[in-house]
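Please look over the sequence and the model shown here before reading on.

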Amino acid sequence: MGNRAGRRGQLIVLSGPSGVGKSTVIAELFSQRENLYFSVSFTTRKPRAGEEEGISYHFVDVAEFQRMISAGELLEYAQYVDNYYGTSLKLIQEQLDRGIDVLLDIEVQGAAVVREKCPGAVLIFIVPPSYEELARRLRGRNTDDEPVILGRLRQAREECRRAMEYDYLVVNESVSRAAADIQAILRAQECRIQNQMQFIEGVL
Ligand code: ADP
Ligand code: 5GP
């Protein structure tokens with residue numbers, strides 16, 4: 001009996017300072033893992049070069065974002081360095097109900113809301129090997145102006161203080177190692193007794 005039968009998808013939250021390498025590690029994870037859905041967030045931020053509507057984000061204006069908040073369409077949302085970001089409740093519920101794991105790349109305030117609303121979620125915090133390396137990555141990415149980068153570095157210090165609110169910490173020194181750590185966390189999560197009830201009731 002496959003242990004996915006009748007199983008609800010696992011909600012996975014990945015947070016970490018901007019520029020730590022979340023998108024890079026997530027891309028690596030998706031190249032290795034099936035049955036995983038990336039929750040494309042809604043944001044009022046302007047697209048960066050190379051970002052596509054519906055793939056990186058759903059880009060909306062502030063009025064539309066406020067409408068979504070009022071209509072209760074967001075599982076969580078937060079303001080982060082002058083822009084709003086939020087997760088569509090409907091999109092992720094559909095996937096979880098079909099037994100598909102859902103990955104959220106969200107910042108710490110949103111993660112705290114998910115922790116409260118979704119007790120079964122697994123929360124992973126990803127950090128750079130050093131603050132200097134984070135600054136190098138942010139500048140090396142070449143996507144933001146210096147004032148934006150400085151804002152994100154300030155925010156990074158605040159965010160890292162909240163790492164204790166998470167279940168796991170992953171250091172992104174090498175992308176392949178960080179992806180392997182997350183794979184190990186997800187495998188352990190799948191093996192948890194409460195995620196194996198279908199197997200226990202059906203076979204044992
Ligand atoms: P985030 O999604 O967390 O904002 P990105 O995935 O955009 O971060 O990565 C920021 C920059 O750091 C990119 O230029 C990326 O290529 C680089 N990067 C990511 N992971 C590593 C790593 N382990 N070592 C060196 N550079 C990395
Ligand atoms: P960026 O502008 O670099 O793409 O993202 C900035 C921050 O917003 C990152 O920490 C990212 O994890 C977070 N973020 C992206 N989508 C969401 C979301 O839907 N909700 C929340 N709370 N944060 C998000």
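Helices (DSSP runs of H or I, at least four residues) and strands (DSSP runs of E, at least two) are numbered from the N terminus. The model is predicted, and for that reason local features need pLDDT of at least 70 and side-chain atom pairs count only at pLDDT 80 or more, while totals for chains, interfaces and linings use all residues. Residues are numbered from 1 along each chain as its sequence is written, chains are lettered from A and ligands numbered from 1 in the order in which they are written, and side-chain values use heavy atoms, with hydrogens and water left out.

**Ligand 1**

- Ligand 1 is surrounded by 14 residues, where a residue counts as near if one of its heavy atoms lies within 4 Å, and the closest of the 14 are Gly19, Lys22, Ser23, Thr24 and Arg141.
- The largest share of this shell around ligand 1, three residues, is supplied by α1, and the elements that give two or more residues to the shell are α1 and α5.
- By class, the shell around ligand 1 holds three nonpolar, seven polar and four charged residues; here Ala, Val, Leu, Ile, Met, Phe, Trp, Tyr, Cys and Pro count as nonpolar, Asp, Glu, Lys and Arg as charged, and the others, Gly among them, as polar.
- An oxygen atom of ligand 1 lies 2.8 Å from a polar backbone atom of Lys22, and a nitrogen atom of ligand 1 lies 3.2 Å from an N or O atom in the side chain of Arg137.
- Of the 570 Å² of accessible area that ligand 1 has on its own, the protein covers 74%, with areas taken from the Shrake-Rupley method with a 1.4 Å probe.

**Ligand 2**

- Around ligand 2 there are 18 residues, and those that come nearest are Arg45, Tyr57, Tyr85, Asp105 and Glu107.
- A nitrogen atom of ligand 2 is found 2.7 Å from an N or O atom in the side chain of Glu76, whereas an oxygen atom of ligand 2 is 2.8 Å from an N or O atom in the side chain of Arg152.
- The protein covers 96% of the 510 Å² of accessible area that ligand 2 has on its own.
- In the shell around ligand 2 there are five nonpolar, six polar and seven charged residues.

**The largest pocket**

- A pocket is an open set of points on a 1 Å grid over the protein atoms alone, where a 1.4 Å probe fits and protein lies on both sides within 12 Å along at least five of seven lines, and its lining residues have an atom within 4 Å of a point.
- Ligand 1 sits in the largest pocket, and the space taken by ligand 2 is also the largest pocket; a molecule sits in a pocket if more than half of its atoms lie within 2 Å of its grid points.
- The largest pocket has a volume of about 860 Å³, and of the 31 residues that line it, Ser23, Arg45, Arg48, Tyr57 and Asp105 are the closest to its centre.
- A volume is the space filled by probe spheres set on the grid points, which are joined across faces, edges and corners.
- The largest share of the lining of the largest pocket, four residues, comes from α1.

**The second largest pocket**

- The second largest pocket holds about 520 Å³ of space, and Gly9, Gln10, Leu11, Gly120 and Ala121 lie nearest its centre among the 25 residues of its lining.
- With four residues, α3 gives the most to the lining of the second largest pocket.

Note on methods. A polar contact is a pair of N or O atoms within 3.5 Å; within protein, one must be able to donate a hydrogen and the other to accept it, and residues adjacent in sequence count only if both atoms are side-chain atoms.
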